[in-house]
Amino acid sequence: MNDNLKIIQEYLNQILPEQALWEKELIAYAKDNHVPIIEPISMNFITNLIKLVKPKNILEVGTAIGYSALSMHHAYPEAKITTLERDPEMILKAKENIANYSLNNHINLISEDALISLPKLINQKETYDFIFIDAAKGQYKNFFEYAMKLQNNSGVILTDNVLFKGYVTGKLTDHKRFQKLGEKINTYNRWLMENEKYDTSIIPVGDGIAFSIKK
Ligand code: SAH
Ligand code: MG
C-alpha cells in the first residue's frame, strides 16, 4: 500500500471508538490464527449503514469466525441474519462465537459452499434487504449475480476487499498470486460499475468496500 494511504488508514484506526470486549477477543483470535476478518474501520462503516437501513433480513457470504455477522447483529439485533460458510474449522469457531455473543437466535449459519446454498435460497424464494459479500475473491461476480436474485426492492449489496491491498490497480508487481487475484477483482469492479441494474460507489476504507444499490 502506498505510504499516504497507509497513514490515513492508521489514522482512521486510531480514532475509532473503543471496541467491546467480545470484539477485541475475536479480532485478537483472528490475528493470531490468520483469519482474514474485515478491518474494524470497514466494519464501523457497515454497522452504521445497518443502523440507518434497519434491514429485516441480512445475507452474508463468508462467515469465517462470525466477527462481521456478530457486529451486524449487535448494530441491529432485530435483523434476521443468514450467513454462509464452507470451511469446517471456521464453522466450528463461528458456532461457538455466535452461541457466546449473540443476543437472540437471529443468526442462522448455513454450513455449505455458498455456490450450493445460494441457488437453494433462490429456489426457496428467500429475499434479503442487505447483502454482504466477503468470501472467495475469484467468485465475486457469481456471488453478486446470485445476490441480485435474492434481493428485495430496498436492497443494498456490499462487497469487501474490492481494492485488495492496491493490487487491483495492476501497479504492484511483487506478489504473483495477489496480482492474479487483483486482476480478477479489477474485472469484477469494472463489471459492477457498469452494471445496468445497480449504482455502485467504491469506498476506500480498509481494504475497500463496494456499495451497490438497485437503480
Ligand atoms: N466476513 C468475515 C470474514 C470472511 S473471510 C468477517 O469479516 O468476519 C472469508 C470466508 O469465506 C472464509 O472463512 C472462507 O472459508 C469463506 N468462503 C470462501 N469461499 C466460500 C464459498 N464459496 N462458500 C462459503 N464460504 C466461503
Ligand atoms: Mg474481507
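**The pocket and its ligand**

Helix H1 gives the largest share of the lining of the largest pocket, 4 residues; helices (H or I, at least four residues) and strands (E, at least two) are DSSP runs numbered from the N terminus. The model is predicted, so that local features need pLDDT of at least 70 and side-chain atom pairs pLDDT 80 or more, while totals for chains, interfaces and linings use all residues. Residues are numbered from 1 along each chain as its sequence is written, chains are lettered from A and ligands numbered from 1 in the order written, and side-chain values use heavy atoms, without hydrogens and water.

The largest pocket holds about 1,000 Å³ of space. A pocket here is an open set of points on a 1 Å grid over the protein atoms alone, where a 1.4 Å probe fits, with protein on both sides within 12 Å along at least five of seven lines, and lining residues have an atom within 4 Å of a point. Of the 44 lining residues, Pro 36, Ile 37, Asp 134, Lys 137 and Asn 161 are the closest to the centre.

Ligand 1 sits in this largest pocket, in the sense that more than half of its atoms lie within 2 Å of the pocket's grid points. Helix H4 (67-75) and strand E2 (80-85) are the elements that give two or more residues to the shell around the ligand.

Polar contacts (pairs of N or O atoms within 3.5 Å) can be followed atom by atom. A backbone N or O atom of Ile 38 lies 2.8 Å from an oxygen atom of ligand 1, whereas a polar side-chain atom of Asp 134 lies 2.8 Å from a nitrogen atom of the ligand.

Notes: A polar contact is a pair of N or O atoms within 3.5 Å; within protein, one must be able to donate a hydrogen and the other to accept it, and residues adjacent in sequence count only if both atoms are side-chain atoms. Grid points are joined across faces, edges and corners, and a volume is the space filled by probe spheres set on the points.
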